[in-house]
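I opened the notebook today to look up a few things in a new model. Here are my entries, in the order I made them.

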Amino acid sequence: MSEPGTKLPSPEAAAGDSPVEGEPQVEEKASFFDHLNELRIRLVHAAAGVAVGMALVGWWVDDIFRFVMRPVIASLPEGARHLNYTSYLEPFLVYLKVALYGGLFASAPWVLYQIWLFVAPGLYKRERSVVVPFLVIGTALFYAGIAFTYFLVMPYAFPALAAIAGPDMNPLLTMREQLTLVLAMMLGFGVVFEIPVIVAFLAMIGVVTPELLSKYRRHAVIVNVLLAALLTPTGDPFNLALMALPMVLFYEVGILAARLVGKKRAPQAAEAS
């Protein structure tokens, strides 16, 4: 007779059967508070990574701000290429914001890794095998979206914005407002570049299928153009195309990625049936 509280082996384990490949191996069902505690741990670790990133970025916060503002300042008229501040507290808050977002950008791989550690126990083995590449590719695409914004979008977007007012109007740009605009553009394009990874992951877990995505391709093009019109700071067709074309392109790349994931899952589904 077993001791009280001793966990008896399952019939499958007693018979010597191996667990089904691809199924999540959970020895005990975690309670709500166990999940809550695990979430707390991951949030603390992620926040610690962001804090470390902020500390590292803080040494060069002034240089980073000036580097990020170069396209803005270059769009200003000769003799007025500088930014203004409306209070003595504004530069401090601006640099603090630069350090915060710089820490977030620098620690993005670590934060994504903490998210992965939290969701991994609930995934199947075949899903866990591709999530790590998804995180790596997603991080690279996010950084690529930021670089695309800085080198290809902002040098054309800001002169177009300045031209709207006319040559007889002088801009009075503040540090806080321009930093907010630049960060919004960078985050927007960073998310746009994540479309292939998001679509492929949704296809992998069965939320969407390549056939469904292909069926509604025309609708997706219209939605992407409308979203680009809302996210683009200017209303001219050139800057609208700079955001709309990558969105449409990445939607097509997402369909291809979904087909690749589907092909990998098809043999497993056949064996399971």
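**Entry: an exposed ring and its partner**

I began with phenylalanine 151, which has a relative accessible area of 55%. The cut-off for exposed is over 50%, so I put phenylalanine 151 down as exposed. I kept in mind that I am working with a predicted model.

Next I looked up tyrosine 150. Its relative accessible area is 9%, and buried means under 20%, so tyrosine 150 goes down as buried.

I then asked myself how the planes of tyrosine 150 and phenylalanine 151 are set. For the record, a pair of aromatic rings is described by the distance of the centres and the angle of the planes. The ring centres of tyrosine 150 and phenylalanine 151 are 4.9 Å apart and the planes stand at 85°, so I noted the pair as edge-to-face.

**Entry: other aromatic rings**

I looked up the total and found 10 aromatic pairs in the structure. One of them joins phenylalanine 148 and phenylalanine 189, and I logged it as tilted, with 5.6 Å from centre to centre and 50° between the planes. Phenylalanine 148 sits in helix H7 and phenylalanine 189 in helix H8 (residues 175-192), so this pair ties together parts 41 residues apart in sequence. I checked burial too: phenylalanine 148 and phenylalanine 189 are both buried.

I also found one aromatic cluster, formed by Tyr101, Phe105, Phe142 and Tyr143.

**Entry: threonine 149**

Is threonine 149 buried or exposed? Its relative accessibility is 0%, so I counted it as buried. Threonine 149 belongs to helix H7. Setting aside neighbours within four places in sequence, I listed its contacts as Met154, Pro155, Met185, Met186 and Phe189. Phe189 is also the ring that pairs with phenylalanine 148.

**Entry: serine 107**

I found serine 107 in the loop between helix H5 (90-106) and helix H6 (108-119). Serine 107 is buried, at a relative accessible area of 6%. What lies 2.6 Å from a polar atom of its side chain? I traced that to the backbone oxygen of glycine 103. Beyond neighbours within four places in sequence, serine 107 is in contact with Gly49 and Val50.

**Entry: the largest pocket**

I noted a space of about 540 Å³ for the largest pocket. Its lining has 19 residues, and those nearest the centre are Leu112, Ile115, Leu135, Gly138 and Glu194. I sorted the lining into 16 nonpolar, 2 polar and 1 charged. Which helices supply at least two lining residues each? My list reads H5, H6, helix H7 (125-165) and helix H9 (195-204).

**Entry: helix H9**

H9 is mostly covered, with 7 of its 10 residues buried. I wrote them down as Ile195, Pro196, Val197, Val199, Ala200, Ala203 and Met204. After H9 comes glycine 206, where I read a positive phi, near 90°.

**Entry: the chain as a whole**

I finished with the overall picture: 12 helices and 0 strands. Of the chain's 273 residues, 33% count as buried. I also looked up the contacts with a separation of 6 or more, and 83% of them come from residues 24 or more positions apart.

Technical notes:
Residues numbered from 1 in each chain as written. Predicted model: local features only at pLDDT ≥ 70, side-chain atom pairs only at ≥ 80, totals over all residues. Heavy atoms only, no water. Helix = DSSP H or I, 4+ residues; strand = E, 2+ residues; numbered from the N terminus. Buried < 20%, exposed > 50% of the residue type's maximum accessible area, 1.4 Å probe, protein only. Polar contact = N/O pair within 3.5 Å; in protein donor to acceptor, adjacent residues only side chain to side chain. Contact = heavy atoms within 4.5 Å. 1 Å grid on protein atoms, 1.4 Å probe; cavity = no way out; pocket = protein on both sides within 12 Å on 5 of 7 lines; lining within 4 Å. Points joined across faces, edges and corners; volume = space filled by probe spheres on them. Nonpolar A, V, L, I, M, F, W, Y, C, P; charged D, E, K, R; others polar. Phe/Tyr/Trp six-rings, centres within 6.5 Å; stacked < 30°, edge-to-face > 60°.
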